[in-house]
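Please read the following points beside the sequence and the coordinates. They are set out as a colleague's note, one topic to a paragraph.

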Amino acid sequence: MKLRRPLLTVAVLLAFSSASQALTFNLTFTPTTSLQEQAAFQAAAARWSSLFADPVTVNLAVGTAALGPGILAQAGSTRVQYSYTDVYNAFSADRTSADDQTAFSSLTAGPNFGMLINRTSNNPNGALSPTPYLDNTGANTNTIRMTSANAKALNLPVSAASDATITFGNSFTYDFNPSDGINPGAYDFIGLATHEIGHALGFISGVDILVGNSVNPPGFADDAFTYVNTLDLFRYSTLSVANASGPVIDFTADTRVKFFSINKGVTQGAGFSTGSNSAFGDGRQASHWKDNLGLGIMDPTAGTGELLAISANDVQAFDVIGWSLATAVPEPSTYALMILGIGGLLARRHAAQQRAA
Ligand SMILES: [Zn+2]
């Protein structure tokens, strides 16, 4: 009997916690969005709500439209920026998991942080040179950008009314029920929606901005790139880890391997895509995991017949950029299910692939 009482107390507390504290979505659908699409999008939002306990409301506008060739869906997120010191302090106050503790310990105390960068107009190796250099001065090293939803999770001030607009291509065949697998020839609508919401929640890289601004001379000076995002604070390479004055993040646009790490690169996590310009990247937007490795819902492509699932990699990344896990430690069976899902995903990679922007 003495053992039972605390157990009952815990159960009540957990129930109360899940009922009162959860990530909430306020969804607005355009008139072209079918009821079936609306229900599927709500199912995708519910996946994220079940994972994160942050008591915030994320406002999303959702619709369908004719998109560019090969683009299944896209998310345009509201971006906000803060001083690195404010973000550093927000990370400090937001530590709720063991990974949060480790990730925060890896951050440099402000006001500035260091990075490898390249392809800028003031690259000391020559304007727009691809050779990486260390930058630890100026506006781009004391400012952090993130989506407004991510800022809400970090309890930073946000005034934006809408956090993102998510649009699905209207010329594809979708499967709206992943519980029995995804039909050959159809795309996983709930999986795609889950992916796009993931961008809105903060899975983005400022390297995509660098890629876009480094093509046409004269390009931009590094101080104009105040676009390091929260996720980029955990973006490393072998070269950036070996930096002479200590490990720094890798914010370069080139084809070298970039990987996620919450401990300054000591442990190499999942790889990142390296940029949409195939002349100096792998052809995929840097705001994604590396393609075709089954790393998670934030992979850059989806094939027909492919089931898209949230992975342990995804959960860890969202945890450390500011989202608080609803449960401290996922049960082992959860991981087993995720691994099975990834296996199925890899087996179907022969299908024609489309970009999930
Ligand atoms: Zn994407």
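1. Two residues are taken to be in contact if their C-beta atoms, placed from the backbone, lie within 7 Å. Helices (H or I, at least four residues) and strands (E, at least two) are DSSP runs, numbered from the N terminus. With those terms in hand, the buried residues of α9 pack against α2 (35-51), α4, α6 and β13 (258-260).

2. On the basis of the note: this is a predicted model, in which local features need pLDDT of at least 70 and side-chain atom pairs count only at pLDDT 80 or more, while totals for chains, interfaces and linings use all residues. Residues are numbered from 1 along each chain as its sequence is written.

3. On burial, a residue is called buried if 20 or more other C-beta atoms lie within 10 Å of its own, exposed if 12 or fewer, and partly exposed in between, with C-beta atoms placed from the backbone. By that criterion, helix α9 (residues 312-320) is largely enclosed by the rest of the structure, because 8 of its 9 residues are buried. The buried residues are N313, D314, V315, Q316, A317, F318, D319 and V320. After α9 comes G322, which has a positive phi near 135°.

4. Helix α6 (residues 189-200) has 12 residues, and its end C-alpha atoms are 17 Å apart, which agrees with the 16 Å that it should span at 1.5 Å a residue; the expected span is 1.5 Å times one less than the number of residues. α6 is mostly covered, with 12 of its 12 residues buried, among them H195, E196 and H199. Just after α6, G202 adopts a positive phi of about 130°.

5. Which residues have the most contacts inside the largest nonpolar core? A nonpolar core here is a set of buried Ala, Val, Leu, Ile, Met, Phe, Trp, Tyr and Cys residues joined through C-beta atoms within 7 Å. The largest one has 79 residues, and M115, L192, A193, A200, L201 and F251 are those with the most contacts inside it. Leaving aside residues up to four places away in sequence, L201 touches W48, T147, A149, N150, F318 and W323. In soluble globular proteins, nonpolar side chains tend to be buried together.

6. Three strands, in the order β6-β5-β12, form an open sheet whose pairing is mixed; strands count as paired if DSSP finds at least two bridges between them. β6 and β12 (249-250) stand at the edges with a single partner strand each, so one side of each is left without a neighbour in the sheet. Between β5 and β12 the pairing is parallel, over 2 bridges, and M115 stands opposite I249 in β12.

7. Two cis peptide bonds deserve a look. One joins G110 and P111, with omega about 5°, and P111 lies in the loop between α4 (98-106) and β5 (115-117). The other runs from P217 to P218, with omega near 5°, and P218 is found in the loop between α7 (207-213) and β11 (235-236).

8. L128, in the loop between β5 and β6 (133-135), has a phi near 65°, and L128 is partly exposed, with 18 other C-beta atoms within 10 Å. N292, in the loop between β14 (271-272) and β15 (301-303), has a positive phi of about 65°, and N292 counts as partly exposed with 15 C-beta neighbours inside 10 Å.
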